[in-house]
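Subject: Structure for you to look at

Hi,

Here is the structure I promised. Please open it alongside the notes that follow.

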Amino acid sequence: MASKIQSEGVSNLQRYVLLERIAGGGMGEVFRAKAFGAHGFSKDLAIKRILPRFAEDPLFEDRFIAEAKLAASLTHANIVQVFDFGRLGGSLYIAMELVDGVNLGELFRSYHERGESIPFAVCAHIAMELCKGLDYAHHRDVVHRDISPPNVLLSHSGEVKIGDFGI
């Protein structure tokens, strides 16, 4: 069930269509979405938004705004990129890169269910790429504070990306 959202600000165009909910937590949720532009342009991306019950909390909104600003300031191959930030029907959202793959927790579960161990070369690759992203952030005085399996995203093409610099 797709729904359109409109970004308030410079333009008044229908910019995003939410396609499906792909993740959720106690304070926010993430949707697979499609962005639209001129001349038939479209791009798949992820939309993170505050759950409605927290949208009215000024402190929570301030933290979400800080997260958006911080994440947008970090440009590195191993960090999920932020494209846009806005308000949707009274709730803030962040439009960001969609990593086509799984998170590290899902990878762990997949191997565990098959009774197998993740190959050493795969573990070494993930650790090395994760360290590159963290080193970049640390050199900009940013500490992630929640490096956990759901926040390490693995693309089907082998990219490793840190997500959710979070509230």
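Which residues in H1 are buried? This is a predicted model, and in it the buried ones are Phe60, Glu61, Phe64, Glu67, Ala68 and Ala71. They lie on the same side of H1, because they cover an arc of only 120° around the axis. An α-helix has 3.6 residues a turn, so residues three or four places apart point the same way. On the other side of H1, Pro58 and Lys69 are exposed.

What do the buried residues of H1 pack against? Three strands: E4 (42-50), E5 (82-88) and E6 (91-96).

H1 itself runs over residues 58-73. Its 16 residues reach 23 Å from first C-alpha to last, close to the 22 Å expected. Aspartate 57 caps its N-terminal end. There, a side-chain oxygen of aspartate 57 sits 3.0 Å from the backbone nitrogen of leucine 59.

Now the cores. The largest nonpolar core has 17 residues. Leu74, Leu104, Leu107, Ile126, Val152, Leu154 and Phe165 have the most contacts inside it. Helix H2 (104-113), H3, strand E8 (152-155) and strand E9 (160-162) each give this core two or more residues. H3 supplies the largest share, five residues. Apart from this core lies another, of 14 residues, including Phe60, Ala71, Val82 and Leu92.

Leucine 74 is worth a click. Setting aside residues up to four places away in sequence, leucine 74 touches Ile79, Gln81, Tyr136, Arg140, Val142 and Phe165.

Alanine 121 is exposed, with a relative accessible area of 58%.

Best wishes

Technical notes:
Residues are numbered from 1 along each chain as its sequence is written. This is a predicted model: local features need pLDDT of at least 70, side-chain atom pairs count only at pLDDT 80 or more; totals for chains, interfaces and linings use all residues. Side-chain values use heavy atoms; hydrogens and water are left out. Helices (H or I, at least four residues) and strands (E, at least two) are DSSP runs, numbered from the N terminus. The expected span of a helix is 1.5 Å times one less than its number of residues. Buried means under 20% relative accessible area, exposed over 50%, partly exposed in between (1.4 Å probe, protein chains only). The arc is that of the directions from the helix axis to the C-beta atoms. Contact means heavy atoms within 4.5 Å. A polar contact is a pair of N or O atoms within 3.5 Å; within protein, one must be able to donate a hydrogen and the other to accept it, and residues adjacent in sequence count only if both atoms are side-chain atoms. A nonpolar core is a set of buried Ala, Val, Leu, Ile, Met, Phe, Trp, Tyr and Cys residues joined through side-chain atoms within 4.5 Å.
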